[in-house]
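Visitor: I have a new model on my screen and would like to learn how to read it. Could you walk me through it, one feature at a time?

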Amino acid sequence: MSVDADTVRRIAHLARIKVTASEVPHLQGELNAMLSFVEQLSEVDISGVEPMTSVMPMDMKKRLDVVNDGEIADDIVRNAPATDHHFFLVPKVVE
């Protein structure tokens with residue numbers, strides 16, 4: 001895949017980056033170099049390679065996906081001037 005000058009200008013426009021005509025060839029070369037590197041990565045055979053989260057083998061810590069109040073609601077609202085059932089009470093600001 002190769003990037004042409006029009007594509008560089010379009011990318012710059014989408015990114016809201018001001019690019020002068022003299023900068024386009026340099027950016028075109030930079031983008032083409034990045035894309036060629038990505039193409040090299042796609043040639044690597046990764047069949048049989050397990051996904052990993054670290055270079056050291058370890059199990060991820062997991063917790064149950066349950067909804068709770070954190071059991072610290074009283075601590076959170078302790079210094080609030082006005083509360084009602086673990087909710088902050090605030091003055092009405094919209095009429």
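Guide: Happy to. Let's begin with charge, where the counting rule matters: Lys and Arg count as positive and Asp and Glu as negative, while His and the chain ends are not counted. By that rule the protein has 9 positive and 16 negative side chains. This is a predicted model, by the way.

Visitor: How far apart do the centres of the two sets of charges lie?

Guide: The centres of the positive and negative sets lie 8 Å apart.

Visitor: Since it's a prediction, what is the average pLDDT of the protein?

Guide: Think of pLDDT as the predictor's confidence in each residue, from 0 to 100. Here the average is 90, and 100% of the residues score at least 70.

Visitor: Where is confidence lowest, and where is it highest?

Guide: Helix H3, residues 73–77, has the lowest confidence with a mean of 88, and helix H1, residues 5–14, has the highest at 96.

Visitor: How many helices and strands are there?

Guide: You'll find 3 helices and 2 strands. Read from the N terminus, their order is α-α-α-β-β.

Visitor: Let me try a residue. Is leucine 14 buried or exposed?

Guide: Compare its value with the cut-off: exposed means over 50%. Leucine 14 has a relative accessible area of 53%, so the residue counts as exposed. Leucine 14 sits in helix H1. Between leucine 14 and asparagine 79 there are 47 Å in space, C-alpha to C-alpha, and 65 residues in sequence.

Visitor: What about alanine 15; where does that one lie?

Guide: Alanine 15 is in the loop between H1 and helix H2, residues 24–42. With a relative accessible area of 44%, alanine 15 is partly exposed. Alanine 15 and leucine 31 are 14 Å apart, C-alpha to C-alpha, with a separation of 16 residues in sequence.

Visitor: Why does isoleucine 76 count as partly exposed?

Guide: Partly exposed covers the range between the buried and exposed cut-offs. Isoleucine 76 belongs there because its relative accessibility is 49%. This residue lies in helix H3. Isoleucine 76 and phenylalanine 87 are 9.5 Å apart, C-alpha to C-alpha, and 11 residues apart in sequence.

Visitor: Where does histidine 85 lie?

Guide: Histidine 85 is in the loop between strand S1, residues 83–84, and strand S2, residues 87–88. Histidine 86 is also placed in the loop between S1 and S2.

Visitor: And how accessible is histidine 85?

Guide: Histidine 85 is exposed, because its relative accessibility is 66%. Histidine 86 has 44% and is therefore partly exposed.

Note on methods: Residues numbered from 1 in each chain as written. Predicted model: local features only at pLDDT ≥ 70, side-chain atom pairs only at ≥ 80, totals over all residues. Heavy atoms only, no water. Helix = DSSP H or I, 4+ residues; strand = E, 2+ residues; numbered from the N terminus. Charge placed at Lys NZ, Arg CZ, Asp CG, Glu CD. Buried < 20%, exposed > 50% of the residue type's maximum accessible area, 1.4 Å probe, protein only.
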